[in-house]
Amino acid sequence: KIVKEDYNAIADTYAKCYSEIDYCKTYIDEFIANLSGKKVLDIGCGAGQITDYLTQKGFEVIGLDFSHKLLKIAKRNFPNSRFILADICEYEHNEQVDGIITKDVLFHLSNENLVSVLQKFRRMIKPNGNLCIIMDMPKEAGEQIFVEELDEKYQIYYNYLTPEKLRDLLEKTGFNIENMQLVKDNDNASSYA
């Protein structure tokens, strides 16, 4: 609830500040190069940049997010892409997809929800399909509530994972890890794909 309220409150600022995906296009391109089909879910699509990028590449993409305000921005900016308002903790997709991509989402889930969402991802992806996770991992792991850096009137929940913890969770939920790469690094956190 706190995460949804935060993203709805900061949607306009967030869309402006985090609209750049150039730093992770290499990993997105690697993900799509290894897909056996064209059906993709972009979980936590935010303002829709990755959904649109994949749509332009010819994929059948559904961008999914639980922030109605971010989806309003996505639909306005990318009218040729498809978006659905839904919370991944509750969402069920009836047809298996070739791949799921998710950027900066999993660290907003509690440990219990992380396991159930990864199990859900496993069910949603076709055999030999791919999952691409791009997210920041701080130097210290754990659950915390922070003051929102984009608007100090709001708070945001993070459950930061180390690369080792993410690897363990993925393996326990039936994924084979082909590659885990450092995308960028700074003093407080690193981004991995």
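Reader: Among contacts in the protein chain between residues at least 6 apart in sequence, what percentage join residues at least 24 apart?

Author: Of those contacts between residues at least 6 apart in sequence, 66% join residues at least 24 apart, where contact means heavy atoms within 4.5 Å. This is a predicted model, in which local features need pLDDT of at least 70 and side-chain atom pairs count only at pLDDT 80 or more, while totals for chains, interfaces and linings use all residues. Residues are numbered from 1 along each chain as its sequence is written, and side-chain values use heavy atoms, with hydrogens and water left out.

Reader: How do you know whether the radius of gyration of the protein chain agrees with that of a compact globule?

Author: The globule rule is 2.2 Å times the number of residues to the power 0.38, with the radius taken over C-alpha atoms. For 193 residues a compact globule would come near 16 Å, and the protein chain has 16 Å, so the two agree. Along the principal axes, its C-alpha atoms fill a box of roughly 45 × 40 × 30 Å.

Reader: What makes Tyr-14 count as buried?

Author: Buried means under 20% relative accessible area, exposed means over 50%, and partly exposed lies in between (1.4 Å probe, protein chains only). Tyr-14 has 16% relative accessibility and therefore counts as buried. Tyr-14 is found in helix α2, residues 11–17, and, leaving aside neighbours within four places in sequence, it is in contact with Tyr-7, Ser-19, Leu-70 and Leu-150. Across the whole protein chain, buried residues make up 49% of the 193.

Reader: Why is Cys-17 called partly exposed?

Author: The relative accessible area of Cys-17 is 47%, which is why it is called partly exposed.

Reader: Which residues of helix α1 are buried, and what covers them?

Author: In helix α1 (residues 2–9) the buried residues are Val-3, Asp-6, Tyr-7 and Asn-8, and their cover includes α2, α5 (68–77) and β7 (155–160).

Reader: How do you know how α6 packs against α7?

Author: Helix α6 (residues 111–124) and helix α7 (residues 163–172) pack at about 50 degrees with their axes 9 Å apart. That angle makes α6 oblique to α7, because angles under 35 degrees count as roughly parallel, over 145 as roughly antiparallel, 65 to 115 as roughly perpendicular and the rest as oblique. The contact is made by Asn-111, Leu-114, Val-115 and Leu-118 of α6 together with Lys-165, Leu-169 and Leu-170 of α7.

Reader: What makes α3 oblique to α4?

Author: Helix α3 (residues 25–33) and helix α4 (residues 49–56) pack at an angle of about 50 degrees, their axes being 12 Å apart. That angle therefore makes α3 oblique to α4. Here Lys-25, Ile-28, Asp-29 and Ile-32 in α3 meet Ile-50, Tyr-53 and Leu-54 in α4.

Definitions and conventions:
Axes are lines fitted to C-alpha atoms, for helices over the stretch in contact, and angles run from 0 to 180 degrees between N-to-C directions. Helices (H or I, at least four residues) and strands (E, at least two) are DSSP runs, numbered from the N terminus.
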